[in-house]
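Keep the sequence and the 3D view at hand while reading.

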Amino acid sequence: MLEFILVSTLNGVVYGLLLFMVSAGLTLIFGMMGVLNFAHASFYMLGAYIAYTVTRHIDFWVGLLVAPVLVAMIGVLVERYLLRRVHSHGHAHELLLTFGLAFIFEELVKLFYGDFPVNYAMPDHLRFAAFTIFDADYPFYRVFIGLVAIAMFVALYLLLSRTRVGLVVRAAERLPVMAEALSHNVPLVFMGVFGVGAGLAGLAGAVAGAFFPTNPNMALELGIIVFVVVVVGGLGSLAGSLVASLMIGVFSSFAVGLDWSLAGLLSYVGLGEWARAVGGLFTLTLSSISGTVPYLLMLIVLLVRPAGLMGERN
Amino acid sequence: MTLVWRFLPLTLVMVVLIGLPPLLDVGLQNVMVNVLIAALFATAFNLLIGQGGMLSFGHAAFYGVGAFAVMHLLVAIERGGLDFPTPLLPLAGAVAGMVVGLFTGYFATIRSGVYFALVTLALAEMLHALAPHWEGLFGGEAGISSMRMPWGGINFGQVIEVYYLTLAWVVIAFGLLYAYTRTPMGRLTLALRDNEERLRFMGYNVHATKVVVFTLSATFAGLAGGLLAFSNEQANYQLFEVHISAQVLLHTFVGGSTVFFGPAIGAVIFTIFAHVIGDITRSWMLYQGVIFILVVLFVPHGIGGVLTEHLRLRTHIPWRRIGRPYAIAATAALLITAASVMIIEFLEALFSPRYFAARRQVDMGFPPFERFGYVWEPFSVLTWLLPLVLGIVGLFLLLRVRHQVAELWSEARESAAAQGRPAP
């Protein structure tokens with residue numbers, strides 16, 4: 001039991017940190033521009049595929065550097081030439097545009113790489129055990145994913161809170177009109193934030209794609225969970241999305257291994273037999289419905305406290 | 001005269017819908033059934049976004065719920081010997097859509113804008129994640145399948161019988177949905193989209209209004225799902241996929257969400273195209289995405305919006321002078337489309353597993369490939385120059401006539417405004 005708890009917590013924290021890497025950009029972009037970017041998880045996927053391509057031809061580490069830069073450039077182009085055009089039509093059109101983009105990115109990936117997972121794997125010199133717990137080796141690469149995420153969080157935090165650029169970015173987020181009146185180029189700031197956000201997602205994809213499967217569905221699979229993270233943490237709040245990522249990461253890694261069910265719970269008060277006879281919802285185990293819980297959480301947060309855990313505005 | 005003008009297109013469409021199917025083969029009849037269902041689904045969806053101004057990303061939820069309700073009833077009739085008139089079966093989908101819509105709509109409409117979209121997305125995703133594990137209600141991963149039972153002398157075994165039943169239901173639903181736009185409630189729905197705040201100030205219960213609109217939209221989406229289940233005789237958890245919600249969104253916006261029949265137009269075009277082109281190319285979904293983006297960028301009111309604008313200003317547009325630029329623009333569009341299709345198809349051919357296998361046979365060289373009935377050399381200049389030239393010529397033509405068309409249009413608008421017919 002202790003082994004299960006320890007390993008699940010570790011895996012959960014790493015997965016949570018990965019979620020955070022992707023959601024950081026999304027929450028920044030939403031906080032600043034009010035754009036809920038449906039294509040954000042596609043940047044994650046593009047990062048993985050670009051890194052895969054570079055790894056195959058050159059080297060893993062080069063891929064890790066090139067992927068975020070390229071994805072950030074794609075993000076900048078998307079903001080400058082597509083998003084800005086529909087800005088005047090309102091938020092619904094921005095939402096639709098990014099939605100369509102997500103669609104196109106997925107299909108483009110299928111066009112070039114096929115509708116099946118590609119063999120993007122970590123290099124052999126990273127394939128060793130970080131430490132041993134309960135006779136089981138814990139892969140170093142998981143630790144590596146976590147470290148990259150933490151480094152990213154620290155860098156982002158320092159950038160936003162300690163530098164002049166961060167100051168302008170925060171000003172543009174809080175009061176864009178005022179920042180513009182003070183002769184800051186707010187559209188440029190938006191473009192930069194969009195690019196950096198996309199780049200971060202690309203980095204996450206490049207790092208995580210080597211460990212988790214890299215396939216055309218990865219954007220869709222992660223995308224909605226990332227929305228959950230951002231909503232639960234509070235749209236626009238970095239710290240909130242860190243907490244929410246860890247929460248959801250740890251939860252999903254625990255839920256997979258638990259076969260609790262409502263019937264089991266009810267048997268403590270003597271209703272177990274009845275619940276099992278009724279079946280349906282009562283006998284579903286936690287492991288089988290673990291996919292539902294994040295959405296349930298998101299629904300509750302949206303309905304009860306739409307500002308999320310740490311958001312300030314509605 | 002005006003009466004004839006108003007009803008002529010509708011009558012023509014009805015004549016085609018009733019008269020055409022018996023002449024088609026079974027496969028195409030099936031396509032027609034799907035066209036009708038998609039048109040109804042999109043129109044039901046548009047009640048929410050186009051008229052009510054609420055963007056839902058989870059309408060697959062009601063579509064799927066409607067389908068499962070009909071399947072359960074079918075199973076009950078087949079195995080339990082329940083006596084229920086088969087033609088009324090799709091109603092079960094509508095009822096299920098209504099019940100679920102009322103319940104979820106009550107909560108979803110508490111929020112608006114992006115938050116509303118997220119609530120609906122979460123609802124559909126929850127069902128999608130839950131359904132494969134809930135054996136009793138959704139039949140697990142395999143889903144539920146059953147058979148339509150004969151009733152009242154009709155055995156519903158042939159596609160054409162299913163088609164006419166679907167047509168009947170879709171016509172009734174369109175009638176009801178159109179009638180709704182003419183009621184005070186329908187007007188209120190438009191007001192909800194245009195200025196919610198004002199509505200609240202005038203003393204209307206905005207939340208209750210939203211719930212009604214949401215429930216109605218869910219009801220007709222459920223009916224569409226029910227018709228689908230009736231036609232396919234099976235339903236599984238994939239009905240709750242994001243792709244279904246995305247599809248209806250695409251149909252609605254390409255067709256034009258500001259016009260009543262716009263979404264139906266979009267649904268018809270896309271469903272038929274999917275059938276025709278889906279067999280020829282594997283990149284159909286990519287084309288669909290590109291079309292969607294182009295519409296969002298350049299034609300925010302969709303095909304329906306463009307058509308009604310032409311109709312509205314038909315007496316003011318200088319048809320004689322606009323004919324030439326329109327013809328040039330159409331040629332340009334054709335050239336650009338040809339160029340894009342060629343490039344995408346070439347890439348598709350070059351990156352396909354089949355081409356990789358062909359490369360293996362020639363020691364990883366680059367053998368010629370076949371597309372559009374011709375053989376192309378992957379590294380010959382001609383292969384890439386041809387689409388490039390076509391595209392550039394098209395783009396050049398398009399940019400040249402753009403201003404002409406825009407000028408003529410602003411003339412037409414001015415002349416309409418001078419006669420006291422401002423834009424709606």
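A residue is buried if 20 or more other C-beta atoms lie within 10 Å of its own, with the C-beta atoms placed from the backbone. The model discussed here is predicted.

Ile225(A) lies in helix α9 of chain A, which covers residues 218-233. Ile225(A) counts as buried because it has 23 C-beta neighbours inside 10 Å. Leaving aside residues up to four places away in sequence, Ile225(A) touches Leu19(A), Ile248(A) and Pro294(A). The C-alpha atom of Ile225(A) is separated by 9.5 Å from that of Met298(A), and these two residues are 73 residues apart along the chain.

Helix α1 of chain A spans residues 2-33. From its first C-alpha to its last, α1(A) reaches 45 Å, close to the 46 Å expected for its 32 residues at 1.5 Å a residue. α1(A) has a kink of about 35°, centred on Ser23(A). After α1(A) comes Gly34(A), with a positive phi near 70°.

In chain B, helices α2 and α12 pack with their axes 8 Å apart, at an angle of about 145°. The crossing of α2(B) and α12(B) is right-handed. The table lists the residues that make the contact.

| Helix | Residues of the helix | Residues in the contact |
|---|---|---|
| α2(B) | 26-51 | Val31(B), Asn34(B), Val35(B), Ala38(B), Ala39(B), Ala42(B), Thr43(B), Phe45(B), Asn46(B) |
| α12(B) | 262-280 | Pro263(B), Ala264(B), Gly266(B), Ala267(B), Val268(B), Thr271(B), Ile272(B), His275(B) |

Of the residues in the contact of α2(B) with α12(B), eleven are nonpolar, six are polar and none is charged.

Methods. Residues numbered from 1 in each chain as written. Chains lettered and ligands numbered in written order. Predicted model: local features only at pLDDT ≥ 70, side-chain atom pairs only at ≥ 80, totals over all residues. Helix = DSSP H or I, 4+ residues; strand = E, 2+ residues; numbered from the N terminus. Expected span 1.5 Å × (residues − 1). Bend = angle between axes of the 7 residues up to and from the residue. Buried ≥ 20, exposed ≤ 12 C-beta atoms within 10 Å, placed from the backbone. Contact = placed C-beta atoms within 7 Å. Axes fitted to C-alpha atoms, helices over the stretch in contact; angles between N-to-C directions. Left-handed = near helix turned anticlockwise from the far one by under 90°. Nonpolar A, V, L, I, M, F, W, Y, C, P; charged D, E, K, R; others polar.
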